[in-house]
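Here are a few friendly notes to read alongside the model. Please keep the structure open as you go through them.

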Amino acid sequence: MTNLVPVLQTAVGPAILVSGTGLLLLTMTNRLGRAIDRARVMGPLLAEATPAKRAVMEAQIAIIWRRAGQIRTAIAFATGSALLAAVLVVALFVTAIVGVEATAVIATLFIGCMVSLVISLSIFLYDVNRSLTALRLELTSHGMDRSHFATGPAAAATSSPPDGR
């Protein structure tokens, strides 16, 4: 039993990673649901849209479709990361109980877990940027001037609050 205490201590990190990845998956599935809901709302409106509005709506739906695919991919990598972390915990206990040295297997599982998480977060960040592209497209279709979309410190310094103060 005393040889399992260090294993328990070592397994805490991957177990926390599984929990954190679960929260990340919750966020990603919510984003996927919102993208799907938005596309479902826009779909029926296409039939009633004027040709100019229809083109804008089709462009927005195309962005939403790509975003949904990217979010799905990010979810797959995050799920892979959580699964690898769970297998890592199991491998830690099995190697301790059986008394087998499996450093290469444990290191490979951990590296795979981290690589999957990094890929998932990178895709997630890219999706956030794509959603801003869709927002910009929608706002410009409503007549908002593109100069309002400047970003960075210079834009923040020159912009005034919405209430004019």
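1. The chain holds four helices and zero strands, and its elements run α-α-α-α from the N terminus on. Helices here are DSSP runs of H or I with at least four residues, strands are runs of E with at least two, and both are numbered from the N terminus.

2. A word on the source: this is a predicted model, where local features need pLDDT of at least 70, side-chain atom pairs count only at pLDDT 80 or more, and totals for chains, interfaces and linings use all residues. Residues are numbered from 1 along each chain as its sequence is written, and side-chain values use heavy atoms, with hydrogens and water left out.

3. Of the chain's 165 residues, 27% count as buried (under 20% relative accessible area, with a 1.4 Å probe and protein chains only). Among contacts (heavy atoms within 4.5 Å) with a separation of 6 or more, 79% join residues 24 or more positions apart.

4. Have a look at A78, which sits in helix α2, residues 51–98. A78 counts as buried because its relative accessibility is 0%. Beyond residues up to four places away in sequence, A78 touches T21, L24, L25, M28 and S120. From A78 to C113 the C-alpha to C-alpha distance is 8.7 Å, although they lie 35 residues apart in sequence.

5. D127 belongs to helix α3, residues 103–141. With a relative accessible area of 0%, D127 is buried too. Its contacts, leaving aside neighbours within four places in sequence, are R31, R67, Q70 and I71.

Notes
Buried < 20%, exposed > 50% of the residue type's maximum accessible area, 1.4 Å probe, protein only.
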